[in-house]
Amino acid sequence: MASTQTWSEGNGATAATVTTSRAECNWKNIDDSTTAYTSSPINSTTNSNSFTKYQSLYFAGTWNSISVVTLFIDNNAPATGLSIVGSVVTSGTTPSTTASGDSALSTTGLAANLTTTAMGYAAGSSSSTASGAINVNALRTQLQTTSSYAGGPGNITSRTITCAWTES
Amino acid sequence: MSLPLDTSCQAEYEDGFILDETELNDYSPYTTDPEHPDNILRSILKKHPEAEHGKMVRFSVFWKDKKYDVDWVGLPDNARPIRFRHNRSTRDLDTGEIYFWQAGVDFGYQYTDESGKNVQEIQEIR
(Lines give C-alpha, C1' and ligand atoms only; values in the text may rest on other atoms or scores of the structure.)
Protein backbone atom coordinates (compact mmCIF):
# COMPACT_ATOMS: atom_id res chain seq x y z
CA MET A 1 0.00 0.00 0.00
CA ALA A 2 2.98 2.21 -0.36
CA SER A 3 4.69 3.01 -3.63
CA THR A 4 6.88 0.51 -5.42
CA GLN A 5 9.79 1.58 -7.60
CA THR A 6 11.62 0.42 -10.70
CA TRP A 7 14.41 2.11 -12.64
CA SER A 8 14.11 2.58 -16.40
CA GLU A 9 16.66 3.47 -19.07
CA GLY A 10 15.98 5.44 -22.25
CA ASN A 11 17.93 4.59 -25.41
CA GLY A 12 17.82 5.27 -29.14
CA ALA A 13 16.33 8.29 -30.88
CA THR A 14 15.61 11.03 -28.34
CA ALA A 15 16.40 8.41 -25.67
CA ALA A 16 12.76 7.39 -25.89
CA THR A 17 13.02 3.59 -26.13
CA VAL A 18 12.39 2.52 -22.55
CA THR A 19 13.62 -0.66 -20.90
CA THR A 20 13.21 -1.48 -17.23
CA SER A 21 15.05 -3.39 -14.54
CA ARG A 22 18.19 -4.02 -16.58
CA ALA A 23 21.28 -5.48 -14.93
CA GLU A 24 23.59 -3.79 -17.44
CA CYS A 25 23.64 -0.06 -16.76
CA ASN A 26 27.33 0.83 -16.93
CA TRP A 27 28.66 3.82 -18.82
CA LYS A 28 30.12 2.50 -22.07
CA ASN A 29 30.81 3.12 -25.75
CA ILE A 30 27.41 2.01 -27.01
CA ASP A 31 23.86 3.22 -26.47
CA ASP A 32 21.92 0.26 -25.12
CA SER A 33 21.01 -1.48 -21.89
CA THR A 34 22.19 -4.96 -22.86
CA THR A 35 25.77 -4.98 -24.19
CA ALA A 36 28.36 -5.69 -21.50
CA TYR A 37 30.60 -2.69 -20.91
CA THR A 38 33.62 -4.96 -21.37
CA SER A 39 32.54 -5.48 -24.99
CA SER A 40 32.19 -1.75 -25.65
CA PRO A 41 34.56 0.07 -23.33
CA ILE A 42 35.10 3.81 -23.42
CA ASN A 43 38.13 4.69 -25.55
CA SER A 44 40.19 6.37 -22.86
CA THR A 45 43.34 6.59 -24.99
CA THR A 46 41.60 9.20 -27.11
CA ASN A 47 40.01 10.84 -24.08
CA SER A 48 36.57 9.87 -25.26
CA ASN A 49 33.39 10.00 -23.23
CA SER A 50 30.78 7.39 -22.61
CA PHE A 51 27.47 7.61 -24.39
CA THR A 52 25.09 9.73 -22.38
CA LYS A 53 22.79 7.62 -20.24
CA TYR A 54 19.18 8.44 -19.36
CA GLN A 55 17.64 6.83 -16.29
CA SER A 56 14.35 7.46 -14.54
CA LEU A 57 12.61 6.13 -11.44
CA TYR A 58 9.07 4.89 -11.97
CA PHE A 59 6.53 4.73 -9.12
CA ALA A 60 3.59 2.35 -9.03
CA GLY A 61 1.17 1.37 -6.29
CA THR A 62 -0.65 3.49 -3.72
CA TRP A 63 0.45 6.57 -1.87
CA ASN A 64 -1.12 9.59 -0.19
CA SER A 65 1.60 11.94 -1.37
CA ILE A 66 5.05 11.86 -2.93
CA SER A 67 7.13 15.03 -2.87
CA VAL A 68 10.61 16.55 -2.41
CA VAL A 69 12.22 14.31 -5.04
CA THR A 70 15.98 14.60 -5.51
CA LEU A 71 18.65 12.64 -7.41
CA PHE A 72 22.33 12.28 -6.58
CA ILE A 73 25.43 10.11 -7.05
CA ASP A 74 27.70 8.80 -4.33
CA ASN A 75 30.90 10.10 -5.99
CA ASN A 76 31.40 12.09 -9.20
CA ALA A 77 35.19 11.80 -9.47
CA PRO A 78 35.97 8.08 -9.65
CA ALA A 79 39.65 8.51 -10.63
CA THR A 80 42.14 11.14 -11.71
CA GLY A 81 41.12 12.29 -15.14
CA LEU A 82 37.58 10.93 -14.91
CA SER A 83 34.46 12.91 -14.17
CA ILE A 84 30.83 11.93 -13.96
CA VAL A 85 28.56 14.73 -15.09
CA GLY A 86 24.80 14.89 -15.14
CA SER A 87 21.58 16.81 -14.83
CA VAL A 88 17.84 16.37 -14.45
CA VAL A 89 16.17 16.74 -17.85
CA THR A 90 12.61 17.11 -19.09
CA SER A 91 13.28 15.74 -22.56
CA GLY A 92 15.62 13.24 -24.16
CA THR A 93 18.35 13.74 -26.74
CA THR A 94 19.70 10.84 -28.77
CA PRO A 95 22.61 9.51 -26.69
CA SER A 96 26.11 10.18 -28.00
CA THR A 97 29.70 10.51 -26.83
CA THR A 98 29.68 14.27 -27.41
CA ALA A 99 30.17 16.10 -24.14
CA SER A 100 26.72 16.67 -22.70
CA GLY A 101 27.58 20.08 -21.31
CA ASP A 102 26.38 19.10 -17.87
CA SER A 103 28.26 19.97 -14.70
CA ALA A 104 29.65 17.42 -12.27
CA LEU A 105 26.74 15.34 -11.07
CA SER A 106 25.50 16.42 -7.66
CA THR A 107 26.43 14.31 -4.66
CA THR A 108 23.83 16.07 -2.49
CA GLY A 109 20.69 16.19 -4.64
CA LEU A 110 19.21 17.69 -7.79
CA ALA A 111 15.52 18.56 -7.52
CA ALA A 112 13.25 16.62 -9.86
CA ASN A 113 9.56 16.72 -10.69
CA LEU A 114 6.96 14.01 -11.24
CA THR A 115 5.04 13.38 -14.44
CA THR A 116 2.97 10.64 -16.04
CA THR A 117 5.03 10.99 -19.25
CA ALA A 118 7.37 8.04 -19.89
CA MET A 119 10.94 8.54 -18.64
CA GLY A 120 9.77 11.74 -16.95
CA TYR A 121 10.12 13.69 -20.21
CA ALA A 122 7.87 16.62 -19.20
CA ALA A 123 8.05 19.54 -16.81
CA GLY A 124 5.75 17.79 -14.33
CA SER A 125 4.98 18.95 -10.82
CA SER A 126 6.83 18.78 -7.54
CA SER A 127 4.36 16.48 -5.83
CA SER A 128 1.84 13.77 -6.58
CA THR A 129 -1.28 12.83 -4.69
CA ALA A 130 -2.63 10.56 -7.41
CA SER A 131 -1.71 6.94 -6.86
CA GLY A 132 -1.20 4.59 -9.77
CA ALA A 133 1.86 5.33 -11.87
CA ILE A 134 4.20 8.27 -12.18
CA ASN A 135 7.75 8.96 -13.39
CA VAL A 136 10.54 11.07 -11.98
CA ASN A 137 12.23 13.43 -14.47
CA ALA A 138 15.08 11.59 -16.16
CA LEU A 139 18.65 11.82 -14.93
CA ARG A 140 21.14 12.24 -17.78
CA THR A 141 24.67 11.16 -16.91
CA GLN A 142 27.97 10.74 -18.74
CA LEU A 143 31.40 9.46 -17.76
CA GLN A 144 33.94 11.84 -19.26
CA THR A 145 37.69 11.40 -19.64
CA THR A 146 40.22 14.20 -19.74
CA SER A 147 43.76 14.54 -20.98
CA SER A 148 45.08 13.73 -17.54
CA TYR A 149 43.50 10.29 -17.47
CA ALA A 150 46.24 7.66 -17.48
CA GLY A 151 44.23 4.48 -17.22
CA GLY A 152 43.06 2.25 -20.01
CA PRO A 153 39.64 0.75 -20.59
CA GLY A 154 38.42 -1.24 -17.64
CA ASN A 155 36.71 -1.07 -14.33
CA ILE A 156 36.25 1.86 -12.05
CA THR A 157 34.92 1.49 -8.54
CA SER A 158 31.22 0.84 -8.76
CA ARG A 159 29.07 3.92 -8.41
CA THR A 160 25.49 4.27 -7.17
CA ILE A 161 22.79 6.77 -7.97
CA THR A 162 20.00 7.45 -5.51
CA CYS A 163 16.54 8.90 -5.79
CA ALA A 164 15.27 10.38 -2.53
CA TRP A 165 11.68 11.41 -1.80
CA THR A 166 9.20 11.92 1.02
CA GLU A 167 6.07 9.82 1.02
CA SER A 168 2.97 9.77 3.18
CA MET B 1 1.75 -9.66 16.27
CA SER B 2 4.47 -8.39 13.96
CA LEU B 3 7.11 -6.01 15.22
CA PRO B 4 6.07 -2.66 13.74
CA LEU B 5 8.22 -1.75 10.75
CA ASP B 6 10.37 1.35 10.71
CA THR B 7 8.34 4.46 9.77
CA SER B 8 5.05 2.56 10.20
CA CYS B 9 2.21 4.18 12.14
CA GLN B 10 -0.41 3.17 14.64
CA ALA B 11 -3.51 4.85 16.06
CA GLU B 12 -5.37 4.09 19.29
CA TYR B 13 -9.01 5.01 19.92
CA GLU B 14 -11.15 5.71 22.99
CA ASP B 15 -12.31 2.11 23.50
CA GLY B 16 -8.75 0.75 23.24
CA PHE B 17 -8.96 -0.34 19.61
CA ILE B 18 -5.63 -0.08 17.80
CA LEU B 19 -5.21 0.33 14.06
CA ASP B 20 -1.71 -0.87 13.22
CA GLU B 21 -0.16 -0.39 9.80
CA THR B 22 2.32 -3.26 10.05
CA GLU B 23 -0.14 -5.78 11.48
CA LEU B 24 -2.59 -5.11 8.67
CA ASN B 25 0.08 -5.02 5.97
CA ASP B 26 -1.12 -1.48 5.29
CA TYR B 27 -4.50 -2.60 3.94
CA SER B 28 -7.33 -0.78 5.67
CA PRO B 29 -10.21 -2.94 6.94
CA TYR B 30 -12.44 0.05 6.23
CA THR B 31 -11.91 -0.20 2.49
CA THR B 32 -15.20 0.04 0.62
CA ASP B 33 -13.83 -0.35 -2.91
CA PRO B 34 -11.52 -3.38 -3.16
CA GLU B 35 -10.29 -2.14 -6.52
CA HIS B 36 -8.99 1.00 -4.82
CA PRO B 37 -8.19 0.01 -1.24
CA ASP B 38 -7.41 2.60 1.41
CA ASN B 39 -4.14 2.33 3.27
CA ILE B 40 -3.95 2.70 7.04
CA LEU B 41 -2.79 6.32 7.16
CA ARG B 42 -5.59 7.31 4.81
CA SER B 43 -8.14 5.59 7.08
CA ILE B 44 -6.70 7.42 10.08
CA LEU B 45 -6.88 10.72 8.21
CA LYS B 46 -10.47 10.00 7.15
CA LYS B 47 -11.33 8.99 10.76
CA HIS B 48 -12.82 5.71 9.57
CA PRO B 49 -12.55 3.90 12.96
CA GLU B 50 -14.09 6.73 15.03
CA ALA B 51 -17.74 5.85 14.37
CA GLU B 52 -17.23 2.47 16.02
CA HIS B 53 -14.37 3.07 18.43
CA GLY B 54 -14.58 6.72 19.49
CA LYS B 55 -12.06 9.49 18.95
CA MET B 56 -8.39 8.87 18.36
CA VAL B 57 -6.40 9.25 21.58
CA ARG B 58 -2.89 8.43 20.35
CA PHE B 59 -0.96 8.57 17.07
CA SER B 60 2.39 6.81 16.93
CA VAL B 61 5.20 6.02 14.54
CA PHE B 62 8.03 3.51 14.89
CA TRP B 63 11.71 3.91 14.09
CA LYS B 64 14.56 1.59 15.03
CA ASP B 65 12.64 -0.33 17.70
CA LYS B 66 11.30 2.81 19.37
CA LYS B 67 7.76 4.13 19.45
CA TYR B 68 7.09 7.86 19.23
CA ASP B 69 3.68 9.08 20.40
CA VAL B 70 1.50 12.11 19.96
CA ASP B 71 -1.08 12.35 22.75
CA TRP B 72 -4.13 13.23 20.67
CA VAL B 73 -6.35 14.03 23.68
CA GLY B 74 -6.82 17.77 23.84
CA LEU B 75 -6.05 18.44 20.21
CA PRO B 76 -8.90 20.04 18.25
CA ASP B 77 -11.21 17.94 16.08
CA ASN B 78 -9.67 19.29 12.88
CA ALA B 79 -6.17 18.13 13.82
CA ARG B 80 -4.59 15.86 11.20
CA PRO B 81 -1.75 13.40 11.72
CA ILE B 82 1.45 14.01 9.75
CA ARG B 83 3.74 11.15 8.75
CA PHE B 84 6.31 11.63 6.00
CA ARG B 85 8.66 8.78 5.20
CA HIS B 86 12.09 9.73 3.85
CA ASN B 87 12.52 7.02 1.23
CA ARG B 88 15.49 6.19 -0.95
CA SER B 89 16.00 3.97 -3.99
CA THR B 90 19.66 3.40 -4.79
CA ARG B 91 20.86 1.74 -7.99
CA ASP B 92 24.26 0.11 -8.28
CA LEU B 93 25.39 1.03 -11.79
CA ASP B 94 27.71 -1.96 -12.04
CA THR B 95 25.27 -4.71 -11.11
CA GLY B 96 21.95 -2.98 -11.68
CA GLU B 97 20.86 -3.99 -8.19
CA ILE B 98 18.33 -1.72 -6.53
CA TYR B 99 18.24 -1.09 -2.80
CA PHE B 100 15.23 0.48 -1.11
CA TRP B 101 15.98 2.10 2.22
CA GLN B 102 14.65 4.76 4.53
CA ALA B 103 16.56 7.67 6.04
CA GLY B 104 13.98 8.55 8.68
CA VAL B 105 10.47 9.78 9.26
CA ASP B 106 8.82 13.09 10.13
CA PHE B 107 5.67 12.92 12.23
CA GLY B 108 3.35 15.11 14.22
CA TYR B 109 0.13 17.01 13.73
CA GLN B 110 -1.35 20.01 11.98
CA TYR B 111 -4.53 22.04 12.39
CA THR B 112 -5.96 25.45 11.67
CA ASP B 113 -6.91 27.36 14.83
CA GLU B 114 -9.95 29.60 15.34
CA SER B 115 -8.10 32.63 14.00
CA GLY B 116 -7.17 30.81 10.81
CA LYS B 117 -3.56 30.33 11.81
CA ASN B 118 -1.83 27.13 10.77
CA VAL B 119 -0.54 25.24 13.79
CA GLN B 120 1.76 22.28 13.36
CA GLU B 121 4.37 20.42 15.29
CA ILE B 122 6.63 18.00 13.47
CA GLN B 123 9.43 15.89 14.88
CA GLU B 124 12.19 14.72 12.55
CA ILE B 125 13.26 11.23 13.57
CA ARG B 126 16.52 9.89 12.11
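Two residues are in contact here if their C-beta atoms, placed from the backbone, lie within 7 Å. By that criterion, 23 residues of chain A touch 22 residues of chain B. The model is predicted.

**Interface between the chains**

- On the side of chain A that touches chain B, the elements giving two or more residues are β1 (3-11) and β11 of chain A.
- β11(A) supplies the largest share of that side, with 8 residues.
- Sorted by class, the side of chain A that touches chain B holds 10 nonpolar, 9 polar and 4 charged residues.

**Strand pairing across and beyond the interface**

- β11(A) pairs with strand β5 (residues 80-92) of chain B in the antiparallel sense, over 8 bridges.
- Within this pairing, E167(A) has R85(B) of β5(B) as its bridge partner.
- T162(A) is likewise bridged to a residue of β5(B), namely T90(B).
- β5(B) also pairs with strand β6 (residues 98-112) of chain B, again in the antiparallel sense, and this pairing has 12 bridges.
- T90(B) therefore has a partner in each of two strands: T162(A) in β11(A), and Y99(B), which stands opposite T90(B) in β6(B).
- The hairpin of β5(B) and β6(B) has 5 residues between its strands, and G96(B) in this hairpin takes a positive phi near 80°.

**Build of chain B**

- Chain B contains 2 helices and 7 strands.
- Read from the N terminus, the order of these elements is β-β-α-α-β-β-β-β-β.
- The C-alpha trace of chain B spans about 55 × 35 × 30 Å along its principal axes.
- Of the 126 residues in chain B, 28% are buried.
- Among the contacts in chain B with a separation of 6 or more, 46% join residues 24 or more positions apart.

**Nonpolar cores**

- The largest nonpolar core has 34 residues, and the members that touch the most others are L57(A), V69(A), L71(A), V136(A), A138(A) and C163(A).
- Elements of chain A that give two or more residues to this core are β3 (53-61), β4 (66-73), β5 (82-89), β9 (132-136), β10 (138-145) and β11 (160-167).
- The largest share of the core, 5 residues, is that of β4(A).
- Neighbours within four places in sequence aside, V136(A) is in contact with S56(A), L57(A), V69(A), A112(A), L114(A), G120(A) and C163(A).
- Another core, of 16 residues, lies apart from the largest one and includes L19(B), F59(B), F62(B) and V70(B).
- As general background, nonpolar side chains in soluble globular proteins tend to be buried together.

**A loop proline in chain B**

- P37(B) sits in the loop between β2 (18-20) and α1 (40-45) of chain B.
- P37(B) counts as partly exposed because it has 17 C-beta neighbours inside 10 Å, whereas a buried residue needs 20 or more and an exposed one has 12 or fewer.
- Y27(B) is 10 residues from P37(B) in sequence, and the C-alpha atoms of the two are 6.9 Å apart in space.

Definitions and conventions:
Residues numbered from 1 in each chain as written. Chains lettered and ligands numbered in written order. Predicted model: local features only at pLDDT ≥ 70, side-chain atom pairs only at ≥ 80, totals over all residues. Helix = DSSP H or I, 4+ residues; strand = E, 2+ residues; numbered from the N terminus. Core = buried A, V, L, I, M, F, W, Y, C linked by C-beta atoms within 7 Å. Nonpolar A, V, L, I, M, F, W, Y, C, P; charged D, E, K, R; others polar.
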